[in-house]
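This briefing covers strands and sheets, aromatic pairs, salt bridges and the surface. The sequence and structure come first, and the notes follow by topic.

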Amino acid sequence: MKIVWIMMLVLLQGCGGGGGGDGESNSSPVADSLTETVTDSSPQIEPVALRDMQDLSIPDGFSYGSVETYQLEVSVSELFSKRSYLSIYTEFLMGSDGTYQANNGSKVTAVPLESGEIEVSFSLPSATSEFLVEIWSYDGNPPLQRVFQTAEERATWQE
């Protein structure tokens, strides 16, 4: 028990008392040098002129919209007189055999075709540059595929 008391006294004495109220400064030389270092290394901030909204120049035809609407007209009645459906994708890769592999997670729409004809309206992010259209039949054959560019808001597929 004596050892515990002695160790406690040594620890308390080693921590220091912090001085009294005799008017002496309690700051340490280390703290003063850190303060000086921080103030000496602060960068000079130069004022920047503020701009108004009237100062901005926006080119003609610029759109803040993040979504564009497109129209697709399909007429493949000679190829698909029976039931078929159309799917549109924004993400796809070309396979080594020349066919496209669509990312099903990027499907924009899927609609049935009536007698091989349809006109469909759909929206895409404005950053999209092209989209894949697939026409599927229910006979198990691979789909017809065509890639369209988004430069035009209206596209036509006729066969």
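Helices (H or I, at least four residues) and strands (E, at least two) are DSSP runs, numbered from the N terminus. This is a predicted model, in which local features need pLDDT of at least 70 and side-chain atom pairs count only at pLDDT 80 or more, while totals for chains, interfaces and linings use all residues. Residues are numbered from 1 along each chain as its sequence is written, and side-chain values use heavy atoms, with hydrogens and water left out. The protein chain has two helices and nine strands, in the sequence pattern α-α-β-β-β-β-β-β-β-β-β.

**Burial and surface**

- Of the 159 residues of the protein chain, 21% count as buried; buried means under 20% relative accessible area, exposed over 50%, and partly exposed in between (1.4 Å probe, protein chains only).
- Met-53 lies in the loop between α2 (29-40) and β1 (67-75), and it counts as exposed because its relative accessibility is 69%.
- Met-53, Leu-56, Ile-58, Phe-62 and Tyr-64 make up a nonpolar surface patch with about 620 Å² of accessible area together.
- Patches are made of residues with over 30% relative accessible area and no salt bridge, with like charges joined within 9 Å and nonpolar side chains (Val, Leu, Ile, Met, Phe, Trp, Tyr) within 5 Å.
- Accessible areas come from the Shrake-Rupley method with a 1.4 Å probe; for residues, only the protein chains shown count as cover.

**Four-stranded sheet**

- Four strands form an open sheet in the order β5-β2-β7-β8, with antiparallel pairing; two strands pair if DSSP finds at least two bridges between them.
- Its edge strands are β5 (107-113) and β8 (144-149), each of which pairs on one side only.
- From one strand to the next the twist averages 20 degrees, where axes are lines fitted to C-alpha atoms (for helices over the stretch in contact) and angles run from 0 to 180 degrees between N-to-C directions.
- Strand β7 (residues 130-137) pairs with β8 in the antiparallel sense over six bridges.
- Across this pairing, Glu-130 stands opposite Gln-149 in β8, and Phe-131 stands opposite Phe-148 in β8.
- The hairpin of β7 and β8 has six residues between the strands, and there Gly-140 takes a positive phi near 90 degrees.

**Three-stranded sheet**

- A second open sheet has the order β6-β1-β9, and its pairing is mixed.
- The edge strands here are β6 (117-125) and β9 (154-158), each pairing on one side only.
- The twist in this sheet averages 20 degrees from one strand to the next.
- β1 and β9 pair in the parallel sense over five bridges, with Leu-72 opposite Ala-155 in β9.
- Ser-115 sits in the loop between β5 and β6; its phi is near 55 degrees, a positive value in a residue other than glycine.

**Aromatic pairs**

- Rings of Phe, Tyr and Trp (its six-membered ring) pair if their centres lie within 6.5 Å; planes under 30 degrees apart count as stacked, over 60 as edge-to-face and the rest as tilted.
- By this rule there are eight aromatic pairs.
- Tyr-85 and Tyr-138 are a tilted pair, because their ring centres are 5.7 Å apart and their planes stand at 50 degrees.
- That pair links distant parts of the chain, 53 residues apart: Tyr-85 is in strand β2 (residues 84-89) and Tyr-138 in the loop between β7 and β8.
- Phe-92 and Tyr-100 are an edge-to-face pair, because their ring centres are 5.6 Å apart and their planes stand at 90 degrees.
- Phe-92 counts as buried at 16% relative accessibility, whereas Tyr-85 counts as partly exposed at 26%.
- One aromatic cluster is formed by Tyr-70, Phe-122, Phe-131, Phe-148 and Trp-157.

**Salt bridges**

- The whole structure holds three salt bridges, each defined as a side-chain nitrogen of Lys or Arg within 4 Å of a carboxyl oxygen of Asp or Glu.
- Glu-73 and Arg-154 meet in a salt bridge (3.5 Å, N to O); Glu-73 is in strand β1 and Arg-154 in strand β9, 81 residues apart.
- Arg-154 also bridges to Glu-119, with the closest N and O atoms 3.1 Å apart; Glu-119 is in strand β6, 35 residues from Arg-154.
- Glu-159 and Arg-146 form a salt bridge with the closest N and O atoms 3.2 Å apart; Glu-159 is in the segment after β9 and Arg-146 in strand β8, 13 residues apart.
- Shared partners join Glu-73, Glu-119 and Arg-154 into one network of salt bridges.
- Arg-154 is partly exposed, with a relative accessible area of 45%.
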